[in-house]
Amino acid sequence: MSLTQKLVEHIRDNGPMTVAEFMSACLYDPKHGYYATRPAIGGANADFLTAPEASQMFGELIGLWCAHEWDALGKPAFNLIELGPGRGVLMQDAWRATQRIEGFHDAASVVFVETSAPLMDEQQKRAPSAEWAARLEDAPPGPCLIIANEFLDCLPIRQFVLGEDGWHEKLAGIDEADQLTFGLSAVLTAPESDDEPGAVREIAPGLPSLIYEVEQRLHANPGRALFIDYGYVRPEGADTLQALKNHTKVDPLETPGEADLTAHVDFARVAHLAREAGLDVHGPVTQGEFLRGLGIEVRAEALKRANPDHAERVARELRRLTHSDEMGALFKVICLSSPNLPPPPGF
Ligand code: SAH
């Protein structure tokens, strides 16, 4: 049975599902889910290209950021935790870039938080010394640096749409022909003041528990959590659910489980939840600002000098990561910290 059939039957028996339930099924269904079935990040068959897949400079600079922070924490033995490492390219580049930093490799235990079995195989190839945890709460205790690139955008979202008469929840249901279709719930609540009809609000119900886990860890021991993702600081009022298959946007209902489903991250909410939990928050800043602050331009020049044949490629990668027409402005970086640490580089 395909995931589409499974979803149609589920909806027939139980009624329409929230967008978050639909997203969860598409991404995490143990048999048909996107992450269970296709390690299609990076490489020729990729459905999308992430920053570490686009350029080695990304992982290198994050690695040096971690080394700097480890130094600022007093060089403890610590867990270098990556949430959703994909093919493990970021860690591979980070590890190589820090090999000459005395004591860093000995002090760091790499822990990957991952749910996808095919991707774990890829990660193992690039970071042989890593350990795995299914969830952040299962990672070993102790001081930590947590990094996560394009992880928060996988958190399933619920969507609410403003009609003439008030807010409705967007739901996935079936039409008369038993095809998957989006519809709206009955009115949940009246509109408020200047909300625009047609406006969409999105919330990630899983975000508070993730921030809670980070907070527990950063209060028990000193550390930082660095999240990089595409998203907004002020809600756009628009539908940001996106399905990508072979670098092309597709209808999320068309091929459930075969396309990557993501949504823009609400960085204001991440910051608010973290502050409420007593953490210090730095940023969000744009990815362009962050990487320039870490010296990506200097790194690019060094790579060009070392390998003049690749100069054009390096220039393209630099532009891709930092230019506001590419990943530089849409992508944001936020750092959550144990209280009273000095500001981290890049903010
Ligand atoms: N960070 C990588 C991959 C981003 S794709 C890169 O930048 O290239 C998202 C990653 O998060 C994948 O590795 C996916 O399997 C993992 N993932 C998604 N949801 C997860 C969850 N709930 N728990 C753990 N890992 C998850």
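The questions and answers below go through some features of this predicted model.

Me: What makes the pair of F22 and F182 edge-to-face?
Reply: Planes over 60 degrees apart count as edge-to-face. The planes of F22 and F182 stand at 80°, so the pair falls in that class. The ring centres lie 6.1 Å apart, and the limit for a pair is 6.5 Å.

Me: What lies over the face of F182?
Reply: K170 does, at 4.6 Å from the ring centre. The distance limit for a charge over a ring is 6 Å.

Me: Why is the pair of F78 and F104 called tilted?
Reply: Planes under 30 degrees apart would be stacked and planes over 60 edge-to-face, with the rest tilted. For F78 and F104 the angle is 45°, so the pair is tilted. Their ring centres are 5.7 Å apart.

Me: What parts of the chain does the pair of F78 and F104 tie together?
Reply: F78 is in strand β2 (residues 78-83) and F104 is in helix α7 (residues 104-107), so the pair joins parts 26 residues apart in sequence.

Me: How do you know whether F78 and F104 are buried or exposed?
Reply: The cut-off for buried is under 20%. F78 has a relative accessible area of 3%, so F78 is buried. F104 has 1%, so F104 is buried as well.

Me: How many aromatic pairs does a search of the whole structure find?
Reply: The search finds eight aromatic pairs. There is also an aromatic cluster made of Y28, Y34 and Y35.

Me: Why are β12 and β13 said to stand at the edges of their sheet?
Reply: The sheet is open and has three strands in the order β12-β11-β13, with antiparallel pairing. β12 (248-250) and β13 (260-262) each have a single partner strand, so one side of each has no neighbour in the sheet. From one strand to the next, the twist averages 40°.

Me: How do you know that β11 and β13 pair?
Reply: Pairing needs at least two bridges. Strand β11 (residues 242-245) is joined to β13 by three bridges, and the two run antiparallel. Within this pairing, Q242 stands opposite T262.

Me: What makes the phi angles of K75 and N246 worth a remark?
Reply: Most residues other than glycine have a negative phi. K75 is not a glycine, yet its phi is positive, at about 55°. N246 is not a glycine either, and its phi is positive, at about 50°. K75 sits in the loop between α5 (56-72) and β2, while N246 sits in the loop between β11 and β12.

Me: Which peptide bond is cis, from G283 to P284 or elsewhere, and where is P284 found?
Reply: The bond from G283 to P284 is cis, with omega near 5°. Most peptide bonds are trans. P284 is found in strand β15 (residues 280-286).

Me: What lines the largest cavity?
Reply: The lining has 14 residues, of which I157, A204, H264, V265 and D266 lie nearest the centre. At least two lining residues come from β9 (200-203), and at least two from β14 (265-266). This cavity holds about 120 Å³ of space. The count of cavities of 30 Å³ or more comes to three.

Me: What lines the largest pocket, and which element gives the most to it?
Reply: The pocket is lined by 41 residues, with Y28, G84, T115, F151 and C154 nearest its centre. The space in it is about 770 Å³. Elements that give two or more lining residues include α2, β2 and β13. α9 gives the most, with four residues.

Conventions
Residues are numbered from 1 along each chain as its sequence is written. This is a predicted model: local features need pLDDT of at least 70, side-chain atom pairs count only at pLDDT 80 or more; totals for chains, interfaces and linings use all residues. Side-chain values use heavy atoms; hydrogens and water are left out. Axes are lines fitted to C-alpha atoms, for helices over the stretch in contact, and angles run from 0 to 180 degrees between N-to-C directions. Rings of Phe, Tyr and Trp (its six-membered ring) pair if their centres lie within 6.5 Å; planes under 30 degrees apart count as stacked, over 60 as edge-to-face and the rest as tilted. Buried means under 20% relative accessible area, exposed over 50%, partly exposed in between (1.4 Å probe, protein chains only). A charge sits over a ring if NZ of Lys or CZ of Arg is within 6 Å of the ring centre and within 35 degrees of the ring normal. On a 1 Å grid over the protein atoms alone, a cavity is a set of points where a 1.4 Å probe fits but cannot get out, and a pocket is an open set with protein on both sides within 12 Å along at least five of seven lines; lining residues have an atom within 4 Å of a point. Grid points are joined across faces, edges and corners, and a volume is the space filled by probe spheres set on the points.
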